Amino acid sequence: MTSRQRSAESNSLSPRRRTVVKAAAATAVLAAPLAAALPARAADEAPAFLHGVASGDPLPDGILLWTRVTPTAEAVPGSGLGPDTEVGWVVARDKAFTTVVAKGSVTATAASDHTVKADVRGLAPATDYWFRFSAGGTESPAARTRTAPASDAAVANLRFGVVSCANWEAGYFSAYRHLAARGDLDAWLHLGDYIYEYGTGEYGTRDTVVRQHAPAHEILTLADYRTRHGKYKTDPDLQALHTVAPVVAIWDDHEFANDAWSGGAENHTEGTEGAWSARQAAAKQAYFEWMPVRTAIAGTTYRRLRFGKLVDLSLLDLRSFRSQQVAVGNGSVDDPDRTITGRAQLDWLKAGLKSSDTTWRLVGNSVMISPFAIGSLSADLLRPLAELLGLPKEGLALNPDQWDGYTDDRRELLAHLRSNAIRNTVFLTGDIHMAWANDVPVDAGTYPLSASAATEFVVTSVTSDNLDDLLKVPQGTVTALVAPVIQVANRHVHWVDTDRHGYGVLDITADRAQMDYYVLSDKTKANATSSWARSYRTRTGTQKVERTYTPV
């Protein structure tokens, strides 16, 4: 951080116990006008913080703070308009900001879409802080964040929210609201598809656009991606979650375009829609502007965070370096020259897992690593499942966009875990719009006789269509028919819910890592309720998933 961004004050106070942030408090700070109010503002009014505030990537001594200031009415996201604006930031030990521990300023410019970040250091580990921004006499909402434990700290417990796949047009982000209301998260993980790139009505909404995104067309340019990110950041439930805990985010394909790979995407037509390299660069620039994420190795999202002696969290980028997906059934899925991670990232992951001295090794993983065979399904069930997975309608036992399409990388990684006796590796996954609890077998063909090298918890989508949406039937209808068939063909799968939307809460102690799965009553209702669905855990040293009958 530059000297202009930071003016840290000394802090000798000892870390205090975590503040439990009540849902009412989270709601109260969100009373600011949203972007829809922009046309009514006069050009000479004070700057406004219409897109909320956020924090991310917690370190033992620091946190990354984020906001977007709207200096004038015409300076909407993606416009390229608006004057340079000085934005102050302040961090305190209390919500009343009576004990300020750090403050500084940064300039918001049109070149960064008037987004700003402050990478604040010199903080105490495992400590709650409050922060806010100010510009031209206007203050942003106040928000709570939390630093990571010291690297050598003995940590008794950690709790993370886990989410993925939020399609604005398909429904409301109630999952975020319910996570925010808990008030007990150390951080929350977003495993990809924070935004979607499609034009209005072009992507799964049960044939009904619940609320229209902006811009209305498919996003291609830097201005487009900025506008779409800006629209998402006006959602009150998303803003609420960003104000109660830091986010740790990775991207998947829809932050770019469907089924993206290093040289293109299924949803990109080279030439007609411009060059892929330009679109990819625009998407990445907008992402790093609008997300409280530190730019990591090679300008990607793969990086590693540590939470005391309890958890190492390796975060993957499975889009920037991957080879193009192959046709289903094509034997080249086993080609050792094809990769989902890229050589450098795979070596980095292997080295980090081997050298880790923490009890648990978590891997933020955007697409499912567990092998998946469809099995024998009736045609009326196979077709929508194939559509969801991007498979041909005749259905073959492979999803080439997952690790199933890059089997040599998976084989090398799992063999590395086994040969080095690396225990307690848990993959945390999104993308597939279903909830899963899996062992990760070394050889799926002989499982359970063959060993399990790791476990995997997959969270369902926040709103993006799953099987009941595609078939337009009540929630739970398809799971009852499909889940038994999937489990017969995939003996390492302990549970799958193909129908419901929601989120996960991962609770970790030295003895076990437990995922509690929660589901929403109706994604199309702004006031949707949440209920606990199932819980699964991995006991230390087992590399196996087991059901547990109560949430933490």
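A cavity, as the word is used in these legends to a predicted model, is a set of grid points where a 1.4 Å probe fits but cannot get out.

**View 1. The largest cavity and the residues that line it.** The structure holds three cavities of 30 Å³ or more, and the largest cavity has a volume of about 60 Å³. Its lining is made up of Ala435, Val459, Thr460, Trp495, Asp497, Arg500, Tyr503, Gly504, Tyr517, Tyr518, Val519 and Ala533. Two or more of these lining residues come from each of strand 21 (493–497), strand 22 (502–508) and strand 23 (512–520), and the largest share, three residues, is given by strand 23. Sorted by class, the lining of the largest cavity comprises eight nonpolar, two polar and two charged residues.

**View 2. The second largest pocket and its lining.** About 400 Å³ of space lies in the second largest pocket, which is lined by 21 residues. Of these, Pro371, Arg410, Asp443, Ala444 and Gly445 lie nearest the centre of the pocket. Helix 8 (407–419) and helix 10 each supply at least two residues of the lining, and helix 8 provides the largest share, namely five residues. Twelve nonpolar, four polar and five charged residues make up the lining of the second largest pocket when they are sorted by class.

**View 3. The bend in helix 10.** Helix 10, which spans residues 477–489, bends by about 30° at alanine 483, and a proline, proline 484, follows within four residues of the bend. Alanine 483 is itself buried, as are Val478, Thr479, Val482 and Ile486 in this helix. An α-helix has 3.6 residues a turn, so residues three or four places apart point the same way.

**View 4. Strand 18 between its two pairing partners.** All five residues of strand 18 (residues 425–429) are buried, and both faces of the strand are covered, with Thr425, Phe427 and Thr429 on one side and Val426 and Leu428 on the other. Strand 18 pairs in the parallel sense with strand 17 (residues 360–365) over five bridges, and likewise in the parallel sense with strand 20 (residues 452–458) over four bridges. Leucine 428 takes part in both pairings, for glycine 364 stands opposite leucine 428, while in strand 20 the bridge partner of leucine 428 is phenylalanine 457.

Terms used. Residues are numbered from 1 along each chain as its sequence is written. This is a predicted model: local features need pLDDT of at least 70, side-chain atom pairs count only at pLDDT 80 or more; totals for chains, interfaces and linings use all residues. Side-chain values use heavy atoms; hydrogens and water are left out. The bend at a residue is the angle between axes fitted to the seven residues ending there and the seven starting there. Buried means under 20% relative accessible area, exposed over 50%, partly exposed in between (1.4 Å probe, protein chains only). On a 1 Å grid over the protein atoms alone, a cavity is a set of points where a 1.4 Å probe fits but cannot get out, and a pocket is an open set with protein on both sides within 12 Å along at least five of seven lines; lining residues have an atom within 4 Å of a point. Grid points are joined across faces, edges and corners, and a volume is the space filled by probe spheres set on the points. Ala, Val, Leu, Ile, Met, Phe, Trp, Tyr, Cys and Pro count as nonpolar, Asp, Glu, Lys and Arg as charged, and the others, Gly among them, as polar. Two strands pair if DSSP finds at least two bridges between them.
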